[in-house]
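Biologist: Please show me the structure, and let us then work through it with questions and answers.

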Amino acid sequence: MMCNDARLLLHAYLDDELDAAQSVAITRHMQGCATCAADYADYAQLRKAMAQSSLYRHAPDELRKQWKAPERATSPVIAKPRRGLVGLAMAAGFVGALLLVAPMWLYMQHQRGGDTSAMVGDAVSSHIRSMQQQHLMDVVSTDQHTVKPWFEGKLDFSPRVKDLAGEGFPLIGGRLDALDGHSVAALVYKRRLHVINLYQWPSTSTTSAQDITQWHGYTVIRWASRNMQYVAVSDVNEDDLRQFVLAFENDAVSPPMR
Ligand SMILES: [Zn+2]
């Protein structure tokens with residue numbers, strides 16, 4: 001099970017609505033995935049917090065008495081004005097419930113898009129952070145034969161490194177980074193005056209379609225290929241970034257290194 005699937009099922013898991021197989025799969029996933037485990041802990045905490053009696057206001061006795069009065073009243077003449085009061089109390093209760101539920105609903109909406117928006121936001125934040133001086137590159141080199149070995153021993157996988165100078169995207173270096181709870185290799189490319197950050201880490205899915213998102217003036221393209229997850233972020237226009245991804249994926253296997 002991957003994070004995307006796990007997150008879709010977290011709410012149902014919390015509500016004990018999953019079948020045994022799914023429950024086991026998600027339990028196993030969370031044992032190995034700190035990010036999803038943390039999300040689950042957040043939901044559980046939120047649910048617990050929402051059940052606190054301090055969040056609920058009890059109507060004053062006087063209002064309760066009036067509220068219950070129509071039930072005892074047999075005369076429609078007496079019941080009539082009371083009904084107005086009940087309506088008002090119900091309306092007030094409804095607004096109160098809405099006020100309580102709205103933040104939770106917004107929170108859930110945010111979490112649901114969760115996977116997309118949180119990851120895209122993370123990627124853009126990381127890209128912006130990298131642009132600050134001294135943060136862009138740990139290894140400065142336009143030579144893929146220097147950049148690739150630099151990662152050795154620093155990550156538990158060997159990233160794919162390609163120079164794309166011929167395609168108009170020269171490699172300028174790389175660094176270690178963290179994204180979506182993973183230690184990732186960040187390759188840094190240039191497009192004219194713009195910087196492109198390409199993040200990669202191992203993935204269980206061999207291939208996935210490209211997911212293109214615009215986020216506050218940045219373009220983020222996510223895809224998986226040959227058991228690697230990739231995220232490309234830049235402020236170049238979308239066409240340029242698509243072209244970059246195409247160039248990176250082109251020729252399938254990078255030439256042997258070392
Ligand atoms: Zn996960």
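Biologist: Which residue in the turn of the hairpin of S2 and S3 has a positive phi?

Modeller: This is a predicted model. In it, strand S2 covers residues 171-179 and pairs with S3 in the antiparallel sense over 8 bridges. The hairpin that they form has 2 residues between the strands. The turn residue with a positive phi, of about 55 degrees, is aspartate 180.

Biologist: Which residue of S3 stands opposite glycine 174?

Modeller: Strands of a sheet pair through backbone hydrogen bonds, either parallel or antiparallel. S2 and S3 pair in the antiparallel sense. Opposite glycine 174 stands leucine 187.

Biologist: How many residues of strand S3 are buried?

Modeller: A residue counts as buried if 20 or more other C-beta atoms lie within 10 Å of its own. Strand S3, residues 182-191, is mostly covered by this criterion. Of its 10 residues, the number buried is 7.

Biologist: Which residue takes a positive phi in the hairpin of S3 and S4?

Modeller: S3 and strand S4 (residues 194-202) run antiparallel and are joined by 7 bridges. Alanine 186, for example, stands opposite tyrosine 199 in S4, and arginine 191 has histidine 194 as its bridge partner. The hairpin has 2 residues between the strands, and the one with a positive phi near 50 degrees is arginine 192.

Biologist: What is the order of the strands in the sheet?

Modeller: The open sheet is formed by 7 strands, and the pairing is antiparallel. Its edge strands are S1 (139-140) and S5, each of which pairs on one side only. The order is S1-S2-S3-S4-S7-S6-S5.

Biologist: Which residue in the turn between S5 and S6 has a positive phi?

Modeller: Strand S5 (residues 207-215) pairs with strand S6 (residues 218-225) in the antiparallel sense over 7 bridges. Within this pair, threonine 213 stands opposite valine 220. The two strands form a hairpin with 2 residues between them, and the turn residue with a positive phi of about 50 degrees is histidine 216.

Biologist: At about what angle to S6 does helix H7 run?

Modeller: Helix H6 (residues 144-151) packs on the sheet, where it touches S1, S2 and S3. Helix H7 (residues 238-249) lies across S3, S4, S5, S6 and strand S7 (228-234). The direction of H6 makes about 20 degrees with that of S2, whereas H7 runs to S6 at about 25 degrees.

Biologist: What percentage of the residues of the protein count as buried?

Modeller: The protein contains 7 helices and 7 strands. It has 258 residues, and the share that count as buried is 25%.

Note on methods: Residues are numbered from 1 along each chain as its sequence is written. This is a predicted model: local features need pLDDT of at least 70, side-chain atom pairs count only at pLDDT 80 or more; totals for chains, interfaces and linings use all residues. Helices (H or I, at least four residues) and strands (E, at least two) are DSSP runs, numbered from the N terminus. A residue is buried if 20 or more other C-beta atoms lie within 10 Å of its own, exposed if 12 or fewer, and partly exposed in between; C-beta atoms are placed from the backbone. Two strands pair if DSSP finds at least two bridges between them. Two residues are in contact if their C-beta atoms, placed from the backbone, lie within 7 Å. Axes are lines fitted to C-alpha atoms, for helices over the stretch in contact, and angles run from 0 to 180 degrees between N-to-C directions.
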